[in-house]
Structures are given as structure tokens and as C-alpha cells.
Amino acid sequence: MPSRGTDEWRPCTMAIEVRIPTILRTYTDGARSVEGSGDTLRALLSDIESRHPGIQERIVDDAGLRRFVNVYLNDEDVRFLDGIETSLSDGDVVTVLPAVAGG
Amino acid sequence: MRYDSLLESVGRTPLVGLPRLSPSPDVRLWAKLEDRNPTGSVKDRAALRMVEVAEAEGLLRPGCTILEPTSGNTGISLAMAARLKGYRLVCVMPENTSIERRQLLRMWGAEIVSSPAAGGSNEAVRVAKQLAEDHPDWVMLYQYGNPANAEAHYATTGPEILEDLPTLTHFVAGLGTTGTLMGTGRYLRERVPGVEIIAAEPRYGEVVYGLRNIDEGFVPELYDASVLTTRYSVGPRDAIRRTRQLLEEEGIFAGISTGAILHAALGIAARVVKDGGRADIAFVVCDGGWKYLSTGAYEGTLDDAEDSIEGSLWA
């Protein structure tokens, strides 16, 4: 895993780690996580879409987050924050996971 | 306490304070010991209620076959109830569940149909729905969508906690079928102004999320997000670390999913301390650690333990 904050050549805006589920790694050349930037989740997804075309519409649709996709900001479900308008900061970790059953 | 039969003894579990893990006298943690139920888990409440409601509705008659997709505890509870009431039980269970769960199910006389590890409980649900189509005379109680699951907690878990802890401010439980959180959460919201209902959701290894398509994900029909204040995803490392901490500091030997719940509860406690508030945080101990000893979660380094439960359905 690339260590954040130690690579002086990485542009300082690329500071949010996005963890990608297996099922969406076809869009990231198999990478488990990618980095992106954005003040909000919406902006972040748009930013990673520019390097990984097609990934955005697998996570969001016109109504917001897709029904069977969960997105967590530092382990908290963004649906209980501000959804795709949730504010992000440098060093945040965003995790994308399909919804699964428990029990 | 005296009961006429084992089935009568479900519920009325102890709520115990955690003096060492509570950060201050103003911010206290309380554990609801659901491992003290007849088959050792919180699922006895929902399972028994689902059976009783199905009986009352005439769906279940003597000699019937019950079918249920379950990663373990619900199946074990149903197996006990089915044995005492004379039903046959067929459980659909992902193959990546602990050996103890399978042994217990067989002991109580349940038949097990295995579903593929990839996809976890989603696959078990899919296989069970197929079996239900093939066997229209079988009764699938379907814990993910059966209102009796949440009602059991509305009728029992919620009232018990509030009676024991009238100053409660937060309730934290695991998110699986969502029954515990929906039922207890609704009850508490109706009676405790400002109460916070927090879900701790296990984050499994990758194989469990191995769906063919992201639109094949699963949200239980019982789930109503408006009951929750928030929802945290907790990975295996934090879950194991907290499970061990609960044993080391408070002497409570719990299963791994309880560690995930405790992790969320401690996070909330720390936040309340930082904000200078007071809190009485009740959380659910779903089951004891007995069924998970073979997973390796209780011994060795955290790294080894994390590796050994990778890919299993630990909650």
C-alpha cells in the first residue's frame, strides 16, 4: 500500500484513499485502492471517474448512491452523514462495498 | 427463576456494567448478555417468536418442515425450538461458517444444505428461496423479512433494557438481519427522547463480497434506516482486538461479532467524553466465544488471528 504523506512528488490534492471492492476492480486494473481528491464524495467520485472511466455509474445513479452499494467514510456509512454531498478531508479513507446479508 | 420449559426461559438476560472499560463515571458502558439465552445467542428471541407467530397463523402444523437461510445462530435457535416442538428443520448455510455451528445444528437434529462461500449469506438466501420454490410445502420463516423477528425485540429486548437502565442514552447492536436494531430501536425511540441507535456492521474478507454483479447485493426487507442514528463498518482486526479486551478487562467471553459492537460503543463513548457529556451506552453481547474457538481468534498475535478468520463469516 502506498504510504500517504511521504511521497513529495504526489500532488497534495490526491489525498483520499478509496478502497475498491473486488467486483469493481475491473475499472481499476485490479487495484484494491486508488487515490483521489475532492471536497465532497460527489467530487471524489467524479475525480476517480476521470482516471477509471465507468466506475462512477456503478456506485451512484440519478437518485444518489445505488441501492446495493454502501460507502463508508472512515468506517461510518455516508448515508447517515450527507450522502454523496458528504464533506471529505485530506487523509480520509472511503470504502465502497456491496450490501450483503448477515444473520 | 423457574420456568415450565426451556422455551419459556428465553430472554430476561442480565445487563451488566463494565466498570473497567467505561471511560468515566459519567460515560458508562453496559453489556446485555444475550449469550445467557437457551442456545447461547440473541437469536433465540427472534427464532422462537417467528415459530410462535407461524403456529398462531396456522402456517406451521405438527410434522411441518421449516426452511431457513442462516449463517448459524438463528439456525441453532430454530433447531432447538424445532426439536422441542416436533418440526423438521432444513438450514441453508454458507460453507465458510465455523465447524462448531455445524456440529451444534446437527446435534439438535437440523439438516444442513451448504451454499457457496463466495457471496456469503446472500448466496444462502438465494439457495433457500430456490429450495422454497421446489418444496412449496416447506415453511420458510425468513428472518430477513419476517416482522416477528423485529417484534421479538420490540416486545422483549427493548423493555428489558429500559427497565434495567432508565438513564439509557445509546443502544448499540450488530447489523445482520437488522431485527435486533429495528425492534429494540423502535421501542427505545418511542420512549427515550434523543436516544441514539447505532449499528455495528461486520466488514468481512473479500470472498464474502464476491458477487457477480453489484446489483445482486442484499438489503434485508426489515431494514428501515430511519430507526438508526448511524452505522459503522468494523473490520476483523478491531473486532478481535475488542473481543479479547472484553475478556481481559471485564471477564466476558464473547463471540467475535460482539467485539465489533464493542468497538463502535467505545468509539461513541470516547466522543461523548470529548464533548463533555454523559452517556449510558447499552450494547448487545450476541453470543459467547465457544463457537469460534476453532477460528483461532482467541490466541496468538492479532495478525495471525486476523489471517485465520479471513474469508469466514465471523459474525
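**View 1. The buried residues of helix α2(B)**. Buried here are Asn73(B), Thr74(B), Gly75(B), Ile76(B), Ser77(B), Leu78(B), Ala79(B), Met80(B), Ala81(B) and Ala82(B); a residue counts as buried if 20 or more other C-beta atoms, placed from the backbone, lie within 10 Å of its own. This is a predicted model, where local features need pLDDT of at least 70, side-chain atom pairs count only at pLDDT 80 or more, and totals for chains, interfaces and linings use all residues. Residues are numbered from 1 along each chain as its sequence is written, with chains lettered from A and ligands numbered from 1 in the order in which they are written. The cover over these α2(B) residues includes α1 (43-56), β3 (65-69), β4 (88-94) and α3 (99-107) of chain B. Helices (H or I, at least four residues) and strands (E, at least two) are DSSP runs, numbered from the N terminus.

**View 2. Just past α2(B)**. Gly86(B) follows the helix with a positive phi of about 85°.

**View 3. Domain 1 meets domain 2 in chain B**. Domain 1 spans 6-37 + 156-303 and domain 2 covers 43-140, with bounds from an automatic or database domain assignment. Their C-alpha centres sit 24 Å apart. From domain 1, 21 residues are in contact with 18 residues of domain 2; contact means C-beta atoms, placed from the backbone, within 7 Å.

**View 4. Chain B against chain A**. Here 32 residues from chain B and 22 residues from chain A make the contact. On the chain B side, α4 (120-134) and β9 (230-234) each supply at least two residues, and β9(B) gives the most, with five.

Notes. Contact = placed C-beta atoms within 7 Å. Buried ≥ 20, exposed ≤ 12 C-beta atoms within 10 Å, placed from the backbone.
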